[in-house]
Amino acid sequence: MNHESIKDDDVPQGWEQSSRAFLQPFRMADSEAFIQSVMRRVRAYDQNEERRNWAYFARWAFPVLALSVTGFAAALVLTVQPIDVSADALLPQSQGQNVSAYSLSAPPNEDQILDSVVSKP
Amino acid sequence: MESIDEFQVIQSVLRGDREAYAALVRLYHGRVLSLCLSMLLDRAEAEDAAQEAFVKAFASLNQYTRNASFSAWLYRIASNHCLDLLRKRKRQKTDSLDGLMEQKGDSVSDFESKIPEKSGSGAEKQETLDLAMRVLGTLPPDYRQVLILRELEGLTYEEISSVLKCSLDAVKSRLRRARQQLQEKARHFLNPQSFTK
């Protein structure tokens, strides 16, 4: 479809004059200063963008890292129980042996030694 | 118009050569500035808006696809930015046409003789631009926008519809109404004989 021809039919009478008077003055001349100013802004934007990316990363990374460490520590505390090395705790494991809990917890007196000798076949 | 391979320049910029962007700025800055000025009607604000539009385009250059021409894409960014500024400004303060006639007096009635063909002193050009801004300021921003895109930038209807994100019919009717309104305002300033030529 040729839209250009539609445009030509649509313009009011004397339009060229009005367009020249009120629209052409808006045509801007080239300005090197403007270009340099835009490029300065672009460079500044680029540098800020790098900083923003790092700040964005840091804003999430550090809390996530801290949370991970805390979680790991909590898991460690909850799952790894301290080993009870008292004699009482060892007793069930030593049931097959000929050592009594009594004798381990306190030195036998003479009667006890005698009893154990007499009771042996 | 300077002939550069826009897409190649864009690719260079995206690969990290940000200085290559200057070629695109050099090619389009006049036109983007014209568009911003016609919408904002303030030279300083328009320059700032045009620069900001270029920075926004740079920031979202990776989103540009070759579906639309780069110029149309850039105009859309500039145009949306100006509309945002206008919304922030809430209301465009424009003097009434009567007020303008009273204030400018002879200079307005003599306006036609001051329209520069191509040359003209800086002061005359500035005065012409000031008057053009005040007259154009009586039109709604969307009318100014479509007039500049069509009359000054020479965009096709399809390109304008892509910039304004509206249908071709909407572009045509908006342009027709904009021309009629501007023509109405122009009658106050231009020699009536101009309209019967």
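In which hand does H9(B) pass H10(B)? In this predicted model, the crossing of H9(B) with H10(B) is right-handed. Two packed helices are described by the angle between their axes and the distance between the axes. For helix H9 (residues 141–152) of chain B and helix H10 (residues 157–164) of chain B, the angle is about 145° and the axes lie 10 Å apart. On the H9(B) side the contact is formed by Val146(B), Leu149(B) and Arg150(B), which meet Ile160(B), Val163(B) and Leu164(B) of H10(B). Sorted by class, the residues of this contact comprise five nonpolar, no polar and one charged.

The buried residues of H10(B) are Tyr157(B), Glu159(B), Ile160(B), Val163(B) and Leu164(B). Viewed down the helix axis, these buried residues of H10(B) fall within an arc of 160°, so they line one face of the helix. Just after H10(B), Lys165(B) adopts a positive phi of about 55°.

Glu151(B) is also located in helix H9 of chain B. This residue counts as buried because 25 C-beta neighbours lie inside 10 Å, where 20 or more are required. With neighbours within four places in sequence left aside, Glu151(B) is in contact with Ser19(A) and Leu23(A). Within chain B, the C-alpha atoms of Glu151(B) and Leu175(B) are separated by 9.9 Å, although the two residues are 24 apart along the chain.

The contact between the chains takes 31 residues from chain A and 41 residues from chain B. On the side of chain A that touches chain B, the elements giving two or more residues are helix H1 (3–10), helix H2 (15–22) and helix H3 (32–79) of chain A. H3(A) provides the largest share of that side, with 10 residues. The class composition of the side of chain A that touches chain B is 17 nonpolar, seven polar and seven charged residues. The predictor assigns the complex an ipTM of 0.72 and a pTM of 0.65.

Chain A contains six helices and zero strands, and its elements run α-α-α-α-α-α from the N terminus on. Of the 121 residues in chain A, 9% are buried. Chain B contains 11 helices and zero strands, in the order α-α-α-α-α-α-α-α-α-α-α along the sequence. Buried residues account for 37% of the 197 residues of chain B. Among contacts in chain B between residues at least 6 apart in sequence, 61% join residues at least 24 apart.

The mean pLDDT of chain B is 81, with 78% of its residues reaching 70 or more. Confidence in chain B is highest in helix H3 (residues 43–59) of chain B, at a mean of 94, and lowest in helix H6 (residues 106–109) of chain B, at 46. The pLDDT is below 50 over residues 105–109 of chain B, a stretch that has three contacts in the model beyond near neighbours in sequence. Residues 112–119 of chain B likewise have pLDDT below 50, and this stretch has 13 contacts beyond near neighbours in sequence. Where pLDDT is low, the predicted coordinates should not be read in detail.

How values were computed
Residues numbered from 1 in each chain as written. Chains lettered and ligands numbered in written order. Predicted model: local features only at pLDDT ≥ 70, side-chain atom pairs only at ≥ 80, totals over all residues. Contact = placed C-beta atoms within 7 Å. Helix = DSSP H or I, 4+ residues; strand = E, 2+ residues; numbered from the N terminus. Nonpolar A, V, L, I, M, F, W, Y, C, P; charged D, E, K, R; others polar. pLDDT = per-residue confidence, 0-100. Axes fitted to C-alpha atoms, helices over the stretch in contact; angles between N-to-C directions. Left-handed = near helix turned anticlockwise from the far one by under 90°. Buried ≥ 20, exposed ≤ 12 C-beta atoms within 10 Å, placed from the backbone. Arc of directions from axis to C-beta.
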